[in-house]
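Trainee: I'd like to go through this one by asking what each label rests on. Can we start with the ground rules?

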Amino acid sequence: MWLTTWIAKKTELGVGIKLLMYSIANYKYSKIGTVGCNENVKKIYEYLGFYTGSLTQYYIVNQKIKVYNIGKFRKKYYNKFYKEDSSLNIVSNFNFKKFKKDYHNYVKIFEKNEDYFNNKYFKNPFYKYLVFEFVKKNKLIGYYFARECYYKGSKCLRIVDFFGNIKKIFDCSVSFKKFIETNNYEFVDLYFYGNVKNNTYFLKNEFNNNTIVPNYFEPFSKKNITINFAIMNKKKTSKFYLFKGDCDQERPNFIK
């Protein structure tokens, strides 16, 4: 259950907290929380017993581009060469039956099913999403859901969600690196929370002066942005996975 934007009259002090406490006490859910809260609100969630943190931003840079209009990057990033026995293809539809016996396990892990992804991304009235099918050794590993963002004639690719074998979420880095180079994207990025090992072309944004991977495009802001979260889990564990596509982070600010 996602808690998104609400506002109360300034004369009605404490109404926001009452709404939150009512939601916690009266609705059925396995998890309740939000993605995108500011630091002040994050402290309130912590006080109420929520597990809080921030998503980690990972990215791959297209080093073949000479001038970056969207991001800011160093000249050199990748010294290692990674090999992957995998394929990454854009598909016009997805078939979760290909996961076979793994499907129900993935539904439990992500608490999302095929209907969720179909309604949120394929039927989205505001954005057009690209769906990438990730196959390794003839076995379906997962689906990535992404969309293109533009600024000053340049474009980037933003992965907003994933469904599949979470342990292998970064294993497609070679394929994504080739894809953004072939299609002239400045970078591909992914906001993600979860304890998964990564030794690939996906780099962690350290939020220093050398690197800027923007998050805001409506309107555009050339800044690194921290995305906080607050989650209360009835299973009493902090083991869960979050993406930029969760909660209301993919809502449009401009409606064309």
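Mentor: Contact means heavy atoms within 4.5 Å. This is a predicted model, where local features need pLDDT of at least 70 and side-chain atom pairs count only at pLDDT 80 or more, while totals for chains, interfaces and linings use all residues. Residues are numbered from 1 along each chain as its sequence is written, and side-chain values use heavy atoms, with hydrogens and water left out.

Trainee: Which residues does valine 61 touch, then, leaving aside its neighbours within four places in sequence?

Mentor: Valine 61 is in contact with Tyr68, Phe73, Tyr77, Tyr78, Ile180, Glu186 and Phe187. As for its place, valine 61 sits in strand 3, residues 56-61. Strands here are DSSP runs of E with at least two residues, helices are runs of H or I with at least four, and both are numbered from the N terminus.

Trainee: Why is valine 61 called buried?

Mentor: Buried means under 20% relative accessible area, exposed over 50%, and partly exposed in between (1.4 Å probe, protein chains only). Valine 61 has 0% relative accessibility, so it counts as buried. Over the chain, 49% of the 256 residues get that label.

Trainee: And what makes phenylalanine 207 partly exposed?

Mentor: Its relative accessibility is 33%, so phenylalanine 207 lands in the in-between class. You'll find phenylalanine 207 in the loop between strand 9 (203-204) and strand 10. Its phi is near 60°, a positive value in a residue other than glycine.

Trainee: Where is asparagine 184, and what is its phi?

Mentor: Asparagine 184 is in the loop between helix 5 (173-182) and strand 8 (187-193), and its phi is near 65°, again positive in a non-glycine residue.

Trainee: What makes the bond between glutamate 218 and proline 219 stand out?

Mentor: That peptide bond is cis, with omega about 0°. Proline 219 lies in the loop between strand 10 (216-217) and strand 11 (220-221).

Trainee: Zooming out, how many helices and strands does the chain have?

Mentor: The chain has 5 helices and 13 strands.

Trainee: How do you know how compact the chain is?

Mentor: The radius of gyration is taken over C-alpha atoms, and the globule rule is 2.2 Å times the number of residues to the power 0.38. For 256 residues the rule gives 18 Å and the chain has 19 Å, which is close, so it is as compact as a globular protein of that length. The C-alpha trace spans about 55 × 45 × 35 Å along its principal axes.
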